[in-house]
Amino acid sequence: MSAPTSIPSGSESARGNINGVDRLSSLCDELLHHVMSFLPMPEVVRTSLLSPRWRNLWASTPFIHIDDQDFLDENHPSGQDDEKLEMFGDNLLLLRDGAVCLDEARIYITHEGERKCSVWIRHAIKHKVRLLHVYGSGIEIYPFLDSTGMFPSQHLKIIRLHSLELTCGFFRPLNNDCHVLENLELKDCNLCDPSQEISSVSLKVLRIVRGIIEGLLICARNLTNISIIYPNYDGAIVTRDLSSLVTASVIINSHQGSDIIVGGHRLLDGLSHATTLELHAPLHEQSHKPGIG
């Protein structure tokens, strides 16, 4: 991967070179990777220009961050250089050290970058990523994510998805092929297929915050903690067979409270095993005008 030249090659200040002693470069790889984790990923790659000691360090970081905000271009019609973003993301994954497992992959995408996002996710999973974060950057149009982005994994433990459209069949590989997945967070995600189902036998923690839900069945029998906060549901949210549940938290908007409790949504059906249940669902009393005469 070609590295931009915003960091001067051999810069003494950049390498902590004082009186001819390069103190920073003498640190172990683990500490240098920790320092690099605070930088935008393009800057991490640019450290390869500092000295031979740094040349390949970026390729063995236990993390990757692909952020469309790092490629903003006011001279570009869309305000962002999508071609440069895609080239950077491809090279970042293809040229990294394949012997090093990924602790974390964080990907920020817009609607225009959704096709590449699936490719990057698959590459991250092949690199044995443990934590996967995917964030949609769209405001009016969320990026789509479907099952083609997922890949069988024996290492992926935590998935956090924010501001995405999760299409038909998205959860199927998570349920069947990610055998150590323990934590799933869906924040501001839209589930527009009424037949969506979360049934992973390894899943322990599920957190759903806002988002439009056309329909969802939650039947993960080893789930111990579930939180459903301010969902905007058009279809039924059904829970069942949650025999391992310990803690459940449900917070419903005031205008949806009566619907979810007496409207047959069956959200509460599977929560009876919880030893701790927190429910916030305001109910409005109907006002009756006194009769006349």
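Reader: Which residue forms a salt bridge with Arg240, and how far apart are the closest N and O atoms?
Author: This is a predicted model. In it, Asp241 pairs with Arg240, with the closest N and O atoms 3.7 Å apart.

Reader: Is Asp241 buried or exposed?
Author: Asp241 is exposed, at 53% relative accessible area. Exposed means over 50%, so Arg240, at 39%, counts as partly exposed.

Reader: How many salt bridges does the structure hold?
Author: There are 8. One of them joins Arg53 to Asp29, with the closest N and O atoms at 2.8 Å. Arg53 sits in the loop between α2 and β3, and Asp29 in helix α1, so the pair ties together parts 24 residues apart in sequence.

Reader: And what does Asp103 meet?
Author: Its side chain meets that of Arg130 in a salt bridge, 2.5 Å from N to O. Asp103 is in the loop between α3 and β4 and Arg130 in the loop between α4 and β5, so this pair links parts 27 residues apart in sequence.

Reader: Changing topic. What is the strand order in the open sheet of 3 strands?
Author: The order is β11-β14-β17, paired in parallel. β11 and β17 are at the edges with a single partner strand each, so one side of each has no neighbour in the sheet.

Reader: Which residue in β17 is the bridge partner of Leu217?
Author: Val238. β14 and β17 pair over 3 bridges.

Reader: Last one: which residues have the most contacts inside the largest nonpolar core?
Author: Leu161 and Leu166, in a core of 68 residues. Helix α4 gives the most to this core, with 5 residues.

Note on methods:
Residues numbered from 1 in each chain as written. Predicted model: local features only at pLDDT ≥ 70, side-chain atom pairs only at ≥ 80, totals over all residues. Heavy atoms only, no water. Core = buried A, V, L, I, M, F, W, Y, C linked by side-chain atoms within 4.5 Å. Buried < 20%, exposed > 50% of the residue type's maximum accessible area, 1.4 Å probe, protein only. Helix = DSSP H or I, 4+ residues; strand = E, 2+ residues; numbered from the N terminus. Pairing = 2+ DSSP bridges. Salt bridge = Lys/Arg side-chain N within 4 Å of Asp/Glu carboxyl O.
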